[in-house]
Amino acid sequence: MATEQWFVGPLPQDDLEPGAQPCGEPSWSTPLGRPGDPPTVGLEDVQEPLLEASPSPSSPEPLAPGPGSAPPRLPLDTMFSPISEQLRYLLKKADDFQSYLIYSRDHVHKEQLAKAMPTFLKMCEPYFLYLEAAARSVPPIYGALQELVRKGLLEISQQLTLRLEQLVLMYASFGFVDLEETDPLSISCFFCGRFSISPSHEVSIFRYCAPAAYTASRFPRYLYKKMRWNLETTPEPRGEGQDSHVEYYFLCYRDTWEDTGKSLANSCPQIQKLWSIGRWVPLGPAEDDLYSWILCPQPPGDYQQLLTIGFEEPSHMLATDLLVQILTGQAGLAGSPNAAGPAAWAAQES
């Protein structure tokens, strides 16, 4: 276990205000109290408790007995106690990072601050993996309590996602991290979990810290992405020479006022952005044309709009719910390549 500390020296103790959180804890979760003296944030402080408290994402333990057993007469806050405790721990660490940024940035090397943020995001990945897999993976693992447990787990996932997004934006505002997607060292987006929708299809979730142009060439025009989902399809049965295939889906908005050329001074901000979910459509080069890929500065692609949401941005949780409906054929999308859902995928693979 690494023992290198990200920061050196204690935090200032006078007039220290905890970082603001973007949203409250779930209604069934114990409120997070104000910490006393903020401890020094070290790699071992984050990594060891996280690995000890986070269940394995590959085989999540059910919080309730299966359908054959009588459900326990336990309140949800008791059932969620270990998970809520881990959430409080990670939120506390996020507050520590924010405090260091505000009060100690002049005493800490820029390289230490730049290194700390991606490391902390990496430490949160096992927790996201468990939350999304336990809540969304098929088949459900909580029996009659599945819907209640699902809602609770996804509320926790959304709360932590928004807190991390807020923290990354704050670090970017001080110039310690870069949000530019074309920079390979930037934190333009971060991983928010993975779940399966069939034995051969897995979905990974990524959230952009700030809206980014759909492509580096800004084509299609006025289109900006906020979330990305990677749909990985694994052939069954998997044999030699059969690689998995990945498709990309996005939550985007189109700047309608910019598109029509209307003045923002005379516009209503509530109807500036038209939100939708769509699929990345590659325009070349061919996958087996290695020479063309080497000469290609950026992969060209188009946007196939699958679902128009409206002028209000969907929550992080709702956006993924809508994508799952699209992929499982519940959104009534005629002509969509995935409109038939996993049953049709299985038929195509057989």
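**Figure 1. Contacts across the whole chain of the predicted model.** Among contacts (heavy atoms within 4.5 Å) between residues at least 6 apart in sequence, 68% join residues at least 24 apart. The protein has nine helices and six strands; these are DSSP runs numbered from the N terminus, with helices being H or I of at least four residues and strands E of at least two. Of its 350 residues, 45% count as buried, where buried means under 20% relative accessible area, exposed over 50% and partly exposed in between, with a 1.4 Å probe and protein chains only. The model is predicted: local features need pLDDT of at least 70, side-chain atom pairs count only at pLDDT 80 or more, and totals for chains, interfaces and linings use all residues. Residues are numbered from 1 along each chain as its sequence is written, and side-chain values use heavy atoms, with hydrogens and water left out.

**Figure 2. The ring pair of F191 and F206.** Rings of Phe, Tyr and Trp (its six-membered ring) pair if their centres lie within 6.5 Å; planes under 30 degrees apart count as stacked, over 60 as edge-to-face and the rest as tilted. By this rule there are eight aromatic pairs. In one of them, the ring centres of F191 and F206 are 5.6 Å apart and the planes stand at 70 degrees, so this pair is edge-to-face. F191 belongs to strand β1 (residues 189-198) and F206 to strand β2 (residues 201-213), and the pair links these distant parts of the chain, 15 residues apart. F191 is buried at a relative accessible area of 12%, and F206 is buried at 16%.

**Figure 3. The ring pair of Y214 and Y303.** Y214 and Y303 form an edge-to-face pair, 5.3 Å centre to centre with 75 degrees between the planes. Y214 lies in the loop between β2 and β3 (223-233) and Y303 in strand β6 (residues 301-310), so the pair ties together parts 89 residues apart in sequence. Y214 is buried at 2% relative accessibility; Y303 is buried too, with a relative accessible area of 10%. Ring pairs link Y214, F250, W280 and Y303 into a cluster.

**Figure 4. Arginines over phenylalanine rings.** A charge sits over a ring if NZ of Lys or CZ of Arg is within 6 Å of the ring centre and within 35 degrees of the ring normal. The charged end of R228 sits over the ring of F206, 4.3 Å from its centre. R136 lies over the face of F195, at 5.6 Å from the ring centre.

**Figure 5. Helix α5 against helix α8.** The axes of α5 (residues 146-173) and α8 (residues 316-327) come within 9 Å and cross at roughly 120 degrees. Axes are lines fitted to C-alpha atoms, for helices over the stretch in contact, with angles from 0 to 180 degrees between N-to-C directions. This makes α5 oblique to α8; angles under 35 degrees count as roughly parallel, over 145 as roughly antiparallel, 65 to 115 as roughly perpendicular and the rest as oblique. From α5, residues R150, L154, E155, Q158 and T161 meet H316, M317 and D321 of α8.

Figure 6. Most residues other than glycine have a negative phi, and most peptide bonds are trans. The peptide bond from F219 to P220 is cis, with omega near -5 degrees. R218 is not a glycine but has a positive phi of about 60 degrees, and R218 is exposed at 54% relative accessibility. Y222 also has a positive phi of about 60 degrees, and Y222 is buried at 17% relative accessibility.
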